[in-house]
Amino acid sequence: MIRNDTGKLNEAQPGIARMIVLSALAMSVGWGFRGNYGHEAGAMVPGALLALSLCLASGRPDWWSRGTLLAFLGAIGWAFGGQMSYGRVIGYTAYTASYWDVAYGYASLFVIGALWGGIGAGILAIGLTMRRSELEKYVGPLVALWVVWFALDMSGATDWLSERWYFYDTDWVAAVSALLTAGIYALVRRESRSAAGFMVLLAAGWLVGCGLLTGVLGLRMTPPRSDNWSGCVGLMVALAAWHARRRDRAALFLIGYGLLAGGVGFACGDFVHMLGRSEWGPVGAWEALRGLDYWKWMEQLFGLIMGAGVAWGAVLLLTGHLEPPEEDTPSRRLNLIALLFLLVVMMWENLHKNVPAWRQGQHVLDVFFGLNTTWWFLLVGLLLTAVVVLAIVRHYQGLLPLAPESPLGRAQWLFLLVLWIPLVGDLLKAFPGLKGKTMFFVELSFWLTAGVCSLLVVTIGPERLRSVDFPTSPESHRWRGSRRVKIVWALIGPLILLLAWLTVCASSTRPLPGSHPRFSTSETESTAMVSAQCFEQGKLVTTWRPSNLATRCRARGFQRAEPEYQTCVAAISNDLRRWE
């Protein structure tokens, strides 16, 4: 969107179908990648892809010019949800001997998905409405926080503090360090006080939510697994309150669609997974549909529905002629940090996991020329990183002809890089297992989906602009939720109960493999828990470290000095070795 000499706004008609399809498919393949790499780092990729999909298909030059920023915010926004655990919750939906355990599982999945989508949409919306000068103030606090977190993780302080002061296996160390870092930065650098204050608010919201819901009220969603969900509730409330205080109703509007799409996506995605796991109907009748990794299809369906739902909210912002954010200062510093994060930090956080996987599977040499092969891979990674960093620096010096001059072209290139670099890395990690039908089918689906996304992106071109007389301010009451959205929210409860009933019917009331009771019975301390948390279709899918074993045993009430504590750790370790 561009202002012309008459004060009107010029915009291209958004491709509604393209935006929804591209966003859904991009987040679907991104979520499939996230399932293979896990946690916050893995969730950055689908968040960045969704943001770039909305940007590219919008038909608005002002969104194109913010492509790098939006991808950065999308990665950060969806990374927050990566701290929440949902593996055990899915086990509740598989415990079909008890209807209410299944219903509880679906309700919990809805909450997790809603928080994931709502926080992601709320962070992304900042880039759609906030003026550039305010956004530039976040550079310093964000870099400082990343340095602190990196130092804590690399020194082992995060694990040590988490064990020393255990609190339901939550990420309280990250929240407290964010609160302190942003608070100190606000005191030292007054020009960035508003940005640092926002970060303090989010960290404080997380701590209050976790402390109140889990610490005081004793609400535990998936014991003995992490209760980071309660911290995310507090963070979501703080984020929505911050937007409300700014009267940014457009952001709250998009948050609503993120909440709804994320919740529905998680619940419905798991329902399809349960149908596959129980070999219901066609799955049991057709040999070709048996033995497929329905967990992966569930994850991709998570992203498909969430991406489509957030895209529909963005379409309504576009058709409602949302006012363009003010570009009142040059954008070079924040864009530089965003590119370094997307093409260096995000890739390292994920793809470094390939090397341990190759070594564990004995697919690479242990030693080469007297050096551990890990060091050779590190050397290659550092060399490639130097190439990327040098290219980014030369681009901002105007010395890189490879980079397109148009914002649309740069956003297209960024989408393709963020899409294909992780997928190539994922293929290299999975390559030794492609001789199996399950792995081959999953990787093939990734590449076919990514190919369709690439076709949609490279066919986007500058459109003929049209004039809009009255753009709509983010503060406008037009961005209140519609009656149809309220009706959909009212149907969530019946939907969850229906999914639970259908799941029980599909399984003939027999608990499915990897199931967990939440309320019905007490579980043994070892085999049932390990089989569902760590074992899926004959392979280990979760990496457990000694610190994690200790954390789980303390979650069951055992103290380090008690004999039962060592018995617990030994029992879980033996079970893991047996499954391996």
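A helix axis here is a line fitted to C-alpha atoms over the stretch in contact, and angles between N-to-C directions run from 0 to 180 degrees. Helices (H or I, at least four residues) and strands (E, at least two) are DSSP runs, numbered from the N terminus.

This is a predicted model: local features need pLDDT of at least 70, side-chain atom pairs count only at pLDDT 80 or more, and totals for chains, interfaces and linings use all residues. Residues are numbered from 1 along each chain as its sequence is written, and side-chain values use heavy atoms, with hydrogens and water left out.

## The chain as a whole

The protein chain has 25 helices and 7 strands. Of its 580 residues, 52% are buried. Buried means under 20% relative accessible area, exposed means over 50%, and partly exposed lies in between (1.4 Å probe, protein chains only). Contact means heavy atoms within 4.5 Å. Among contacts with a separation of 6 or more, 80% join residues 24 or more positions apart.

## Two helix pairs

Take helix α4 (residues 67-79) and α6 first. Their axes come within 8 Å and cross at roughly 155°. Angles under 35 degrees count as roughly parallel, over 145 as roughly antiparallel, 65 to 115 as roughly perpendicular, and the rest as oblique. So α4 and α6 are roughly antiparallel to each other. The crossing of α4 and α6 is right-handed. A crossing is right-handed if the near helix is turned clockwise from the far one by less than a right angle, and left-handed if anticlockwise.

Which residues of α4 meet α6? They are Leu69, Leu70, Leu73, Gly74, Gly77 and Trp78. Their partners in α6 include Trp116, Gly117, Gly120 and Leu124. By class, this contact of α4 with α6 has 11 nonpolar, 5 polar and no charged residues. Ala, Val, Leu, Ile, Met, Phe, Trp, Tyr, Cys and Pro count as nonpolar; Asp, Glu, Lys and Arg count as charged; the others, Gly among them, count as polar.

Now take helix α15 (residues 294-319) and helix α20 (residues 437-458). They pack at an angle of about 20°, with their axes 10 Å apart. Therefore α15 and α20 are roughly parallel to each other. Their crossing is right-handed. Lys296, Trp297 and Gln300 of α15 make the contact with Phe441, Val442, Ser445 and Phe446 of α20. By class, the contact of α15 with α20 has 4 nonpolar, 2 polar and 1 charged residues.

## The nonpolar cores

In soluble globular proteins, nonpolar side chains tend to be buried together. A nonpolar core is a set of buried Ala, Val, Leu, Ile, Met, Phe, Trp, Tyr and Cys residues joined through side-chain atoms within 4.5 Å. The largest one here has 134 residues. Trp31, Trp78, Tyr86, Tyr106, Trp116, Phe266 and Phe415 touch the most other members. Helix α6 (residues 99-129) gives the most to this core, with 17 residues. Apart from it lies another core, of 7 residues, among them Leu145, Ala178, Ala196 and Ala203.

Leaving aside neighbours within four places in sequence, its contacts include Trp31, Arg34, Trp116, Phe266 and Glu299.

Helix α5 (residues 87-94) has 7 of its 8 residues buried, so it is largely enclosed by the rest of the structure. The buried residues are Arg88, Val89, Ile90, Gly91, Tyr92, Thr93 and Ala94.

Threonine 222 lies in the loop between α11 (193-216) and α12 (228-245). Beyond four places in sequence, threonine 222 is in contact with Arg88, Val89, Tyr92 and Asp227. Valine 504 sits in helix α22 (residues 492-506). The C-alpha atoms of valine 504 and threonine 93 are separated by 8.9 Å, though they are 411 residues apart along the chain.

| Residue | Relative accessibility | Class |
|---|---|---|
| Threonine 222 | 1% | buried |
| Valine 504 | 13% | buried |
| Alanine 144 | 23% | partly exposed |
| Tyrosine 168 | 26% | partly exposed |

Alanine 144 lies in helix α8 (residues 139-155). What does alanine 144 touch, not counting residues up to four places away in sequence? It touches Thr181 and Tyr185. The C-alpha atoms of alanine 144 and tyrosine 185 are separated by 8.2 Å.

Tyrosine 168 lies in the loop between α9 (157-164) and α10 (172-188). Leaving aside neighbours within four places in sequence, tyrosine 168 is in contact with Thr214, Gly215, Arg220, Arg225, Ser226 and Asp227.
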